[in-house]
Amino acid sequence: MGLQKQGWWLSSLLTLVAATASACTPDYRDAGSYQIVTATDGLFGFRCQPRTELYYVDRSSPGSEPVYLGTCGTPRFVTEQLGLPHDPSCYAISEDGTALVYFHRPKWCGAGEIAERKAGGVYTYSPDRGDSLLYTERQVGQVWSRAEIDNHAIRVGWHDAEPSPSGAVCSQNLLIYANGPETPEGEPESVHDCG
């Protein structure tokens, strides 16, 4: 009886370890010049919420290693409660697949040292212009909304005391397109400390 019980516990433990390992397996997706990796750490994402890692891939050079750009993410309760199929405040790729705009979150759980070496904020990237910081985390924040958005743009909240170059004021949303332009969206949402 004792051996049978130990066998059951060992079998259960191995099943749990196998399930945990498969639950933490990253999902890779190619999109234009980029590789989008969705990863979860810990037991079924209980330790860390899913995160999105963004990489540039030089497809003209066979065997080239992907270049890390940034990490962002949305808490699972937001995507489940709002029914968001993806994160419209995280990243967007231009229609031709070459330009990227993304919100880098260096302190996102599980992001690691490579993410922490880069300042947080909204960046643009293209193979010909490289990586460029548009706005710091002090100026913008993530916005989670079910409101429709062009899939080549991200939506962020403007928090700076000064208006954005396109005229967004504090607590107003800002749409930033992967190919460069940006536009304020809607009315300011609330009055709070800015800057």
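Helices, of at least four residues, and strands, of at least two, are taken here as DSSP runs numbered from the N terminus. On this basis the chain of the predicted model comprises 3 helices and 12 strands. Buried residues account for 42% of the 195 residues in the chain, and the accessible surface comes to about 11000 Å², with 55% of that area belonging to carbon and sulfur atoms. Of the contacts between residues at least 6 apart in sequence, 44% join residues that are at least 24 apart.

In soluble globular proteins, nonpolar side chains tend to be buried together. The largest nonpolar core of the model contains 14 residues, and those with the most contacts inside this core are Tyr 34, Leu 69, Tyr 91, Leu 100 and Tyr 102. Two or more residues are given to the core by each of the strands E2 (34–39), E3 (51–56), E4 (67–72), E5 (91–93), E6 (100–104) and E7 (121–126). When neighbours within four places in sequence are left aside, Leu 69 is in contact with residues including Tyr 34, Leu 54, Leu 100, Tyr 102 and Tyr 125, and also with Lys 118 and Asp 131. Another core, lying apart from the largest one, has 13 residues, among them Phe 103, Val 156, Ala 168 and Ala 178.

A search of the whole structure finds 1 disulfide, formed by Cys 72 and Cys 90 with their sulfur atoms 1.6 Å apart. Because Cys 72 lies in strand E4 and Cys 90 in the loop between helix H2 (76–82) and E5, the pair ties together parts that are 18 residues apart in sequence. The link is right-handed, with 55° about the S-S bond, and both Cys 72 and Cys 90 are buried.

Arg 59 counts as partly exposed, at 44% relative accessibility. Arg 117 and Glu 113 form a salt bridge with the closest N and O atoms 3.2 Å apart, and both of these residues are exposed.

The side chains of Lys 118 and Asp 131 also meet in a salt bridge, at 2.4 Å from N to O. Lys 118 lies in the loop between helix H3 (113–116) and E7, and Asp 131 in strand E8 (residues 130–136), so this pair ties together parts that are 13 residues apart in sequence. Lys 118 is buried, with a relative accessible area of 16%, whereas Asp 131 is partly exposed at 34%.

How values were computed:
Residues numbered from 1 in each chain as written. Predicted model: local features only at pLDDT ≥ 70, side-chain atom pairs only at ≥ 80, totals over all residues. Heavy atoms only, no water. Buried < 20%, exposed > 50% of the residue type's maximum accessible area, 1.4 Å probe, protein only. Contact = heavy atoms within 4.5 Å. Areas by Shrake-Rupley, 256 points an atom, 1.4 Å probe, with all protein chains shown as cover. Core = buried A, V, L, I, M, F, W, Y, C linked by side-chain atoms within 4.5 Å. Disulfide = S-S within 2.5 Å. Salt bridge = Lys/Arg side-chain N within 4 Å of Asp/Glu carboxyl O.
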